[in-house]
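Please look at the sequence and the model that follow, and then read on for a careful description of the surface, the fold and the pocket.

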Amino acid sequence: MFEITDVQKIGVGLAGFGVFFLFLGVILLFDRGLLAIGNILFVAGLAAVIGFERTFRFFFQRHKTKASIAFLGGIVVILYGWAFVGTLLELYGFILLFSGFFPVAVNFLRRVPVLGTVLNLPGISMVVDRLAGDSGRTTV
């Protein structure tokens, strides 16, 4: 296995709280304060987990310019006060930024006992495969 430092553990906690606040902000009809706190915690958690330099390089790669502008611009729009528009812009940027990780995440979730059974059901499996871009998957 590999060693997880204390800063990375704190980063996972920050990112987890960030996702929780984002979810709560959406559930409470796009509450601007909760969405802003969630965004700040998520980005801070990401920076703590992978490091500040790697986070900077991740967001500012030349081929990810449009995605980074959409994601970070969505955060700015939320902080400005247009929570719904900012959330949509941020969601678009998030999908573009992290689309390379979706197949890995789906394969991991398929190995989780109860969730994997649900994800492998015939109708759900087709949708999840399409979202993950894994149309050539074979079922066993």
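This is a predicted model: local features need pLDDT of at least 70, side-chain atom pairs count only at pLDDT 80 or more; totals for chains, interfaces and linings use all residues.

Of the 140 residues, 30% count as buried, that is, under 20% relative accessible area.

Residues are numbered from 1 along each chain as its sequence is written. Local features need pLDDT of at least 70 and side-chain atom pairs count only at pLDDT 80 or more, while totals for chains, interfaces and linings use all residues, and side-chain values use heavy atoms, with hydrogens and water left out.

## Fold

The protein chain has 8 helices and 0 strands, where helices (H or I, at least four residues) and strands (E, at least two) are DSSP runs numbered from the N terminus. The C-alpha atoms fill a box of roughly 50 × 40 × 30 Å, taken along the principal axes.

Among contacts (heavy atoms within 4.5 Å) between residues at least 6 apart in sequence, 47% join residues at least 24 apart.

## Largest pocket

A pocket is an open set of points on a 1 Å grid over the protein atoms alone, where a 1.4 Å probe fits, with protein on both sides within 12 Å along at least five of seven lines; lining residues have an atom within 4 Å of a point. The largest pocket has a volume of about 420 Å³, the volume being the space filled by probe spheres set on the points. Of its 13 lining residues, L22, F23, V26, E90 and L91 are the closest to its centre. The elements that give two or more residues to this lining are α1 (6-27), α2 (32-50) and α5 (83-98), and the largest share, 5 residues, comes from α5.

Methods
Buried means under 20% relative accessible area, exposed over 50%, partly exposed in between (1.4 Å probe, protein chains only).
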